[in-house]
Amino acid sequence: MVNYIWFAMIVLGILSAILTGNGEMVNKAVFEGAKSGVTITFGLLSILIFWMGMMKVAEDSGLVNILAKFLSPLASRLFPTVPKDHPAFGYILTNMSANLFGLGNAATPLGIRAMQELQKLNPDPKTASPAMCTLLALNTSGVTLIPTTIIAIRMTYESANPVEIVGTTLLATMIATGGAILVDRWYQWRERRKGG
């Protein structure tokens, strides 16, 4: 449905531009948008490749395992229904680690795998389990130590200090994550109360 809406908006925009005599502006905007898209993509690729490489080094050196052990007590409290020896727990920990480093693109496949594994533990496959809801809330709002994507975009547009947003991003994501956990816990408490 969303594809149809976007397609309709594009067609209506082009038709409107042609009918109002601004067809040349559409043509110019298309080429400038494509140029800007390529520029941003290369900027993002460079920073993502760097941080993915750093994550691989961290993984090979055992740093990811140390971080996972550090996050394990927190994850156990957030996901009490997920056994520590279940594959879902490992995917949840690596997803949280990737989000900490602002690697949303790397965190996404890990989050999908975690959801697939959580679905195996789900007693009602037609409804998301509490653990699945918690993972979604954490993945959407995750605390970010290094916002690599935003830094890459700021570097692409030649920001004087592309990393100056690290502190404010950390604060904003901590508040967002805290809020997401509180709302998640409130909904779980409400559901338990309804059931009990």
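Predicted model: local features only at pLDDT ≥ 70, side-chain atom pairs only at ≥ 80, totals over all residues.

Asp-184 is buried, with a relative accessible area of 8%, where buried means under 20% relative accessible area, exposed means over 50%, and partly exposed lies in between, computed with a 1.4 Å probe on protein chains only. Its partner Arg-185 is partly exposed at 26%, and the side chains of the two meet in a salt bridge at 3.5 Å, N to O. By salt bridge I mean a side-chain nitrogen of Lys or Arg within 4 Å of a carboxyl oxygen of Asp or Glu, and by this rule the count comes to five.

Residues are numbered from 1 along each chain as its sequence is written, and side-chain values use heavy atoms, with hydrogens and water left out.

Another of the salt bridges joins Arg-113 and Glu-117, at 3.6 Å, N to O. These residues sit four apart in helix α5, residues 104-121, and are therefore separated by about one helical turn; helices here are DSSP runs of H or I with at least four residues, numbered from the N terminus. Arg-113 is partly exposed at 35% relative accessibility, whereas Glu-117 is buried at 6%. Salt bridges with shared partners link Arg-113, Glu-117 and Lys-120 into one network.

What does the salt bridge between Glu-164 and Arg-154 tie together? The N to O distance in this pair is 2.8 Å, and because Glu-164 lies in the loop between α7 (148-156) and α8 (166-195) while Arg-154 belongs to helix α7, the pair ties together parts that are ten residues apart in sequence. Glu-164 counts as exposed, at 52% relative accessibility.

Let me finish with the packing of helices. The axes of α6 (residues 130-141) and α8 come within 8 Å and cross at roughly 165 degrees, where axes are lines fitted to C-alpha atoms, for helices over the stretch in contact, and angles run from 0 to 180 degrees between N-to-C directions. The two helices are therefore roughly antiparallel, a term that applies to angles over 145 degrees. Among the residues making the contact, defined as heavy atoms within 4.5 Å, are Cys-133 and Ala-137 of α6 and, on α8, Ala-180 together with Asp-184 and Arg-185, the pair with which I began.

Key. Parallel < 35°, antiparallel > 145°, perpendicular 65-115°, else oblique.
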